[in-house]
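Subject: Structure handover

Hi,

Here is the structure I promised to pass on. Have a look at it first, and then read on for what turned up.

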Amino acid sequence: MTWLYLLAILLSILLDIVLFYRLTHFEVIKNKFWVYLCILVVGTVCTFYGYKAILIYNLITIIILNIIHRKNNNFTLITGVLIFIFSDDLIIEFFRGILLDIIRNFSVSKDIVERVNLICVFCFFIANYLIGIYVGKFVIKKLIGKNFRIFFWILLYLYLVALIIAIVYAETKNVPPVTIFFISFLTIQFIFSIGLYYLMVKNQKVLLKKSQQDKLIKEQKQLQDYAEYLEKSEDELRAFRHDYRNMFNSLKISAQEGDTKELIQKLDEYTKANLNAKAFEKYRDVNHIKIKSLKSIIIAKLTEMYGSDIPYNFECRDDITKIPNNINELDLVRIIGISCDNAIEESKELLERNKEAHIEIMINSNDNGEFEYEIQNKRRESKISLKQIQQRGYSTKKSHSGVGLANINNIKNKYENMTISYEVPKEYFDFYLVIEPEE
C-alpha cells in the first residue's frame, strides 16, 4: 500500500504543476527539468511531515515558479494561481482526513481504512483536477481583471484560513465536535470572503458609474460653454457689423486729418469696450473638426487651458471629416488626451513658478487622407532623455505614475501607418503625430 500512496503523492504534485500551466498558458521551460524535479522531491518529502511542512513546499514552489517565469512579469497572476491550487489541495486533503477519522470511529480494521484511504486519494485526485480546471478559469479571469489585487488578497486569506484549520485539526483530531466546528468555520469564511469581494466590486461599479455621470455632466457643461461661446461670438459679430459703418465714418475724419494717434486710440478703445479678444479666441477653429469624439476632447482640453489661464493657440484650418479607416477613434482620442494633459501639467508647473507658459496645437488633414496632429508646449529648463520619458514608470513630475507616453507608444505599436516623434528644442517640448492613409 505504501508504494501506491507514494504514487498518489507524486501524481498530486505533478497535477499541481499541470494545472498551473493549463491555467496560466505559460510555456513549460524544457531546459529546466531539474527545477520541476526539485519541486517534486520537496513536495513529496514535505507531505510526510504534515501541514506545516506543506506550507514550506508551497512557499518554495511559489518562489521557484516566479523566478523561472520572471519574463512574464506577473507576480500576482503566478502567485494567485498557485495559492488557488494549494488551497484546493488543502481543502480536499482536509476532507479526506475527516472522512478517514469518521471511519476509524466505527472500529473497522486497519486494512479497510488503508483501502478506503487509497480510494479517497484517487477520487479526490480526480475532483482536484476538475475543480482546478473549471473553477480555475474563474480565478484567472478575476486575477487579470480590474479588481485583481482585491481578489488576490482574498485568495491568500482563504488559503491561510484553510491552512490554519488543517494544522489545528491535524493536532486535535476530535470527532465529531471539532470536525463540525472546522467545517462550519471554513464554509462561513469562504462565503464571507466571496460576499465581501462582490460587495467591493459592486461598490466600485457604483463609484465608476458616478464617475462616468460626473464626467458626462462635465462634458455637457463644456459643450454648453462652447455653444454659448458661439452664440456670444455671433452676437458680437452681428453688433460689430451693425455699427461698423458709423464707427468708420467717425474715424474717417481723424484719418483724413492725418491724426493717426487719435485713430489708433479710438480703435483700441472700441475693441476693449466691445470685443473680448481672449474669449473670442477661446475655441477658434474648433468648428472645423467634424468628428464628434475628436471635437469633444479638444473642447475639453481647451476649456481646461482657458480655465487655468494657460496661454494657448489652436489651429485647424481645414475641415476634419474623417481619419484613416484602420484607426480606432478612441485610440486617437487617448493619444490627444494624454499629450494635452502632459502639456497642461507642465504649463501649470511653469505658472506656479511665475514663468511664462504657452501651448500650441495643430490638427490638419490633407486631400490624400493624411492626418497630422502636433502639440508644442513650453517646458522647464532641464535635460530630457527622449528614450527615458517613453519608458513606463518614468516621470519628471512628483507623485506621478509616468505611464502617459508609454501608453501612447503601446497604442502606436498597433498601427503600421502611425508615426509619432518627439523633439525638445530649447525651452519647448514638441509632440508630432502623423497617420498615413491606408494603401
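Let me start with helix H2, where Val35, Tyr36, Ile39, Leu40, Val42, Gly43, Thr44 and Cys46 are buried. Buried here means under 20% relative accessible area, exposed means over 50%, and partly exposed is in between (1.4 Å probe, protein chains only). Helices (H or I, at least four residues) and strands (E, at least two) are DSSP runs, numbered from the N terminus.

Before you go further: this is a predicted model, so local features need pLDDT of at least 70 and side-chain atom pairs count only at pLDDT 80 or more, while totals for chains, interfaces and linings use all residues. Residues are numbered from 1 along each chain as its sequence is written, and side-chain values use heavy atoms, with hydrogens and water left out.

Back to H2 for a moment. At 1.5 Å a residue, its 15 residues should span 21 Å, and the end C-alpha atoms are 21 Å apart, which agrees. The expected span is 1.5 Å times one less than the number of residues.

Now the overall picture. The protein chain has twelve helices and five strands. Of its 439 residues, 40% are buried. Contact means heavy atoms within 4.5 Å. Among the chain's contacts with a separation of 6 or more, 71% are between residues 24 or more positions apart.

Next, the aromatic rings. The whole structure holds eight aromatic pairs. Rings of Phe, Tyr and Trp (its six-membered ring) pair if their centres lie within 6.5 Å; planes under 30 degrees apart count as stacked, over 60 as edge-to-face and the rest as tilted. What makes Tyr21 and Tyr36 an edge-to-face pair? Their ring centres are 6.1 Å apart and the planes stand at 70°, so the pair gets that label. Tyr21 sits in helix H1 (residues 2-24) and Tyr36 in H2 (residues 33-47), so the pair ties together parts that are 15 residues apart in sequence. Both Tyr21 and Tyr36 are buried. Together with Phe20 and Phe26, they form one aromatic cluster.

Phe20 and Tyr21 turn up again in the largest nonpolar core, which has 45 residues; Phe20, Tyr21, Ile39, Leu65, Val81 and Leu143 have the most contacts inside it. Such a core is a set of buried Ala, Val, Leu, Ile, Met, Phe, Trp, Tyr and Cys residues joined through side-chain atoms within 4.5 Å. H1, H2, helix H3 (51-68), helix H4 (75-104), helix H5 (110-143) and helix H6 (148-172) each supply at least two residues of it. H4 gives the most, with nine residues. Leaving out residues up to four places away in sequence, Phe20 touches Phe26, Leu65, His69, Ile78, Val81, Leu82 and Ile85. Apart from this core lies another, of 42 residues, including Ile323, Ile408, Tyr415 and Ile420.

Then there is the sheet. It is open, with five strands in the order S1-S2-S3-S5-S4 and mixed pairing. Strands pair if DSSP finds at least two bridges between them. S1 and strand S4 (418-423) are the edge strands, each pairing on one side only. S1 and strand S2 (residues 359-365) run parallel and are joined by four bridges, and Tyr312 stands opposite Ile359 in S2.

Two helices to look at here are H10 and H11. H10 lies across S1, S2 and strand S3 (371-378), at about 160° to S1. H11 also packs on the sheet: it touches S2, S3, S4 and strand S5 (428-435), and its direction makes about 15° with that of S3. For these angles, axes are lines fitted to C-alpha atoms, for helices over the stretch in contact, and angles run from 0 to 180 degrees between N-to-C directions.

A few single residues are worth a click:

- Pro311 is in the loop between H10 (292-307) and strand S1 (312-315). Pro311 is partly exposed at 37% relative accessible area. Beyond its neighbours within four places in sequence, Pro311 contacts Ala357, His358 and Ile359.
- Asp331 lies in H11 (residues 329-352) and is buried, at 6% relative accessibility.
- Asp285 has a positive phi, near 75°. This residue is in the loop between helix H9 (277-280) and H10.
- Asn354 also has a positive phi, near 60°. Asn354 is exposed, at 74% relative accessibility.

Over to you!
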